[in-house]
Amino acid sequence: MRRRRPPWAAHGPSFWKARIAMFSVGMIGAGIIGASHLAAVAGHPDTRLAAVADIAPGRAQQAAAPYGAHAYESYEEMLEREKLELVIINLPHGLHEACVLACAEKGIHILLEKPMSVSYASCLRMNEACEKNGVLLQVGHVQRYIPQNRAARALIESGKLGALAMISDLRTNNYFQPGRPRWFLEKAMAGGGISINYAAHSLDKICYLTQSDIAWATGSCTYLQPGTDVDGSAQMLLRTSSGISASISLCGYSVVPIDETMLFFANGSLRLHTGSDLSVTCGSGYEAVDTSSYPNAFEAQWADFISGVRAGRILYCDGTYGASIVRTIELLYH
């Protein structure tokens with residue numbers, strides 16, 4: 001028997017969610033990043049993990065056991081049997097839409113891993129379903145929560161380096177390494193290659209640092225890896241709605257890994273290694289910036305999601321934002 005829609009689906013999330021002391025959470029997909037999400041759920045005073053679903057035998061049980069949660073090999077069964085208020089979706093990109101629609105139908109609020117989906121049209125359908133069912137959808141664009149990025153944003157806002165002139169983002173990594181799950185290398189399931197996976201992070205970072213949207217973009221990508229139909233390198237030239245120019249260069253072939261964002265100002269520059277370090281110069285050598293006061297990125301993201309659910313609106317990275325990132329990457333492909 002189908003479970004009745006929860007009352008907040010009809011009355012609006014802010015009316016009901018503010019009255020729930022402890023949210024029951026399910027996670028769908030227990031891949032590599034899943035452990036970070038589960039730790040964030042466990043660390044928040046208002047959430048408890050109720051269940052984990054994953055099709056890989058034993059993986060759901062392994063993820064759920066430390067938290068005393070139930071394990072399922074089917075998220076459909078989990079949604080039917082568990083009384084969940086919130087869900088984290090951590091599936092291959094091509095499975096996002098069907099899962100979001102199923103959760104929206106149950107009236108469950110959603111934190112969805114990036115990229116939002118494999119196409120802009122898919123994103124629009126997901127947003128429509130969530131709006132219809134009174135469900136809040138946050139896309140897991142995590143760049144705004146990473147300590148080095150937050151410190152860089154604070155320096156931009158301080159004005160100490162003058163006006164921001166331009167941004168150059170460079171990321172190289174062996175995208176086709178043997179350990180990468182096969183679905184990443186199949187366009188039908190992943191939506192693309194290095195662009196939809198890594199450029200989603202780069203675009204999100206640029207939007208966060210400049211506090212603006214992407215107003216214009218052009219670029220190209222290559223398909224040089226035998227045996228796959230996904231892109232292995234890409235270059236993009238962008239202009240933000242605030243007038244800042246930016247470039248993104250990605251290479252996933254045989255390279256030495258680099259993840260560096262340079263921000264150039266009228267009176268200096270920032271050298272940003274996201275997740276590692278941040279340094280600043282006014283022209284006479286770089287000095288390290290202390291970022292230790294910022295919390296763990298996934299904990300901060302989860303805290304904002306819970307605050308948004310209680311407020312009845314997503315604070316950052318809602319479905320409209322997630323769709324805009326996918327649309328920019330889709331324009332690069334087409």
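Begin by selecting Asn-173, which in this predicted model lies in the loop that runs between β7 (164–172) and α9 (187–190). If you then display what surrounds Asn-173, leaving out its neighbours within four places in sequence, the residues in contact with it are Arg-180, Tyr-198, Cys-251, Gly-252, Tyr-253, Val-255 and Pro-257.

Stay in the loop between β7 and α9 and select Trp-183, which is also found there. Which residues does Trp-183 touch, not counting those up to four places away in sequence? They are Pro-92, His-93, Met-189 and Ala-190. For a sense of scale, draw a line from the C-alpha atom of Trp-183 to that of Gly-232, which is 49 residues apart from it along the chain, and the separation is 15 Å.

Next, colour the strands of the open sheet, of which there are six, paired in parallel and arranged in the order β3-β2-β1-β4-β5-β6. At the edges stand β3 (70–72) and β6 (137–140), and because each has a single partner strand, one side of each is left without a neighbour in the sheet. Looking from one strand to the next, the twist averages 20°. Within the sheet, pick β4 (residues 86–89) and β5 (residues 109–113), which pair in the parallel sense over four bridges; Ile-88, for instance, has Leu-111 in β5 as its bridge partner.

Move on to helix α8 (residues 147–158) and helix α10 (residues 194–210), whose axes come within 9 Å and cross at roughly 35°. Where they meet, α8 brings Asn-149, Arg-150, Ala-152, Arg-153 and Ile-156, while α10 brings Lys-205, Tyr-208 and Leu-209. Sorted by class, this contact has four nonpolar, one polar and three charged residues.

Finish in the largest nonpolar core, which has 42 residues, and select Leu-263, Leu-270 and Ile-329, the members that touch the most others. Helix α10 gives the most to this core, with ten residues. Around Leu-263, again leaving aside neighbours within four places in sequence, the contacts are Ile-156, Leu-164, Met-166, Ile-167, Leu-209, Gly-268, Ser-269, Leu-270 and Leu-272. A second, separate core of 29 residues can be selected through members including Ala-129, Cys-130, Val-135 and Val-139.

Definitions and conventions
Residues numbered from 1 in each chain as written. Predicted model: local features only at pLDDT ≥ 70, side-chain atom pairs only at ≥ 80, totals over all residues. Heavy atoms only, no water. Pairing = 2+ DSSP bridges. Helix = DSSP H or I, 4+ residues; strand = E, 2+ residues; numbered from the N terminus. Axes fitted to C-alpha atoms, helices over the stretch in contact; angles between N-to-C directions. Contact = heavy atoms within 4.5 Å. Nonpolar A, V, L, I, M, F, W, Y, C, P; charged D, E, K, R; others polar. Core = buried A, V, L, I, M, F, W, Y, C linked by side-chain atoms within 4.5 Å. Buried < 20%, exposed > 50% of the residue type's maximum accessible area, 1.4 Å probe, protein only.
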